[in-house]
Amino acid sequence: MIENDTVVAAAYQSPAHINGSDGDEVYEPGYVRSRWSTDVVDYPPGELLPLADSIRVGYDDGFVIASQRDSNLSTSDLPFRLKINGWGQLRYTATDVAPPNTDLNQFQLKRARIVLSGNAFNPNFSYFLQLDGRSSSGDNMRLLDYYLSYDIGHDQMGLEKGTLGLRAGKFKMPFTMARWLSGKEFEFTDRSVASTYFDVNRSLAFGMFGQWDQGLIPMNWETAIFNGFVTGGSETGSSGDLDDNFAYSIRLQGFPIGDWGDSQLADFEHHDRLAMRIGCAFAGTTISRNGSTEFNTPRVVDSGHTFASILPLSVESYSVAQFAVDASFKFRGWSTTAEYYFRNLSNFEGAAIPSLLDHGFWFQLGYFVIPDKLQLVTRWSRVDGNSGTMGAEDQSTDEFGSGFAWYFRGNRAKFVIDATRLDGAPISSSSLDINPGDRGWLYRTQMQFSF
């Protein structure tokens, strides 16, 4: 944010009431009346003038409007801040998959986001609103995220900022590292098959978050209670399509070695010393048949059929427990990330079904051939388990991909091309351009821009 927005006073050889820069009125050479004040200020020509004492406008990783106070309130030191960001991804997708699945050959607007964020009434109260428009939603603009956060630890307990906070609204559930990442940070055009298969995604929720810097390893943590797994679409409110069982999750993330830097995956910093990030997470819920949104969402290995479609009709509910661990490294232009998942389905009510276990991972490697500009990437993703056979035997599916990224201005503007080989996709994802059972090739070319 620009801390001191200013205008330059000029020695105008003109009558009074000629508009100066930024709309200020010049009364005489060297005398300026600010549009924010009724006072005429004597300021030497050629020097900088404060635009306003209470309003700041500028750019700080987004367009920012900020104020120290609201003149309609009796208190004089309440901060108000609005940041405006936007980003989009224009993608060309082509597939060559085996029948009965059909090929795709399209230009698509995968993500078109407008983000409003900031503070209101108190620097410890913050808000975040994200709107999304994309090809798969037609002409509709949807409310992707909306939540309020309160840094209660700093405001009420005198703790360091970020030590303890509360959050309520619609947001990403704290579970996988792949979902925690913003789509702007991807080294490939999108997430892996495995991370999407074990995803929890967004929901309406109440949560807590914080950080711990006093131990040997600086840690961030977040936990939430929410409506259910993958309920962040249209059915998030008081709807009969949701069951009455809350879900819950927790994620821990630490940085045991080195300064990680600002970028989440690619090594733009070209670390001379190894930097490491580690994480672990748990999520659980009970899924009941009376909530079709949740009951019809989980899929199985390796066909990608919904779990509900192969369950006996007598099953009324079952429990889901998911675990995830991850590690990422950066070193001299190299970037490596791996995340492993486990999903256990158990406690089937209405039928004698044994516990079912699926597990999987994604491993990704990147290297800057030209520092900060040209990066080569490769990825292996795998899902393995017995959910598709109801415990009779294990099945598996793999995803192999490679590509490159050209960064014009870091992750703010980049061009990515990747090619992926699919061996029976276990997911349905419009974001990834993948359908259940896809076997063959997926080619994607994407341009990204953000401000």
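Asp61 is partly exposed, with 44% relative accessible area. Asp61 also takes part in a salt bridge, with Arg412. This briefing looks at such pairs in a predicted model. Side chains of opposite charge can pair when their charged atoms come close. Across the whole structure, a search finds 19 salt bridges.

**Asp61 and Arg412**
- The two side chains meet at 2.6 Å, N to O.
- The pair links distant parts of the chain, 351 residues apart.
- Asp61 sits in the loop between strand S7 (55-59) and strand S8 (63-67).
- Arg412 sits in the loop between strand S22 (395-409) and strand S23 (413-423).
- Arg412 is partly exposed, at 27% relative accessible area.

**Asp132 and Arg142**
- In this salt bridge, the closest N and O atoms of Asp132 and Arg142 are 3.1 Å apart.
- Asp132 lies in strand S11 (residues 122-132) and Arg142 in strand S12 (residues 142-150), so the bridge ties together parts ten residues apart in sequence.
- Is Asp132 buried or exposed? Asp132 is buried, because its relative accessible area is 0% and buried means under 20%.
- Arg142 counts as partly exposed, at 28% relative accessibility.

**Arg382 and Asp384**
- Arg382 and Asp384 form a salt bridge, with the closest N and O atoms 3.6 Å apart.
- Arg382 is partly exposed, with a relative accessible area of 25%.
- Asp384 is buried, with a relative accessible area of 14%.

Definitions and conventions: Residues numbered from 1 in each chain as written. Predicted model: local features only at pLDDT ≥ 70, side-chain atom pairs only at ≥ 80, totals over all residues. Heavy atoms only, no water. Salt bridge = Lys/Arg side-chain N within 4 Å of Asp/Glu carboxyl O. Helix = DSSP H or I, 4+ residues; strand = E, 2+ residues; numbered from the N terminus. Buried < 20%, exposed > 50% of the residue type's maximum accessible area, 1.4 Å probe, protein only.
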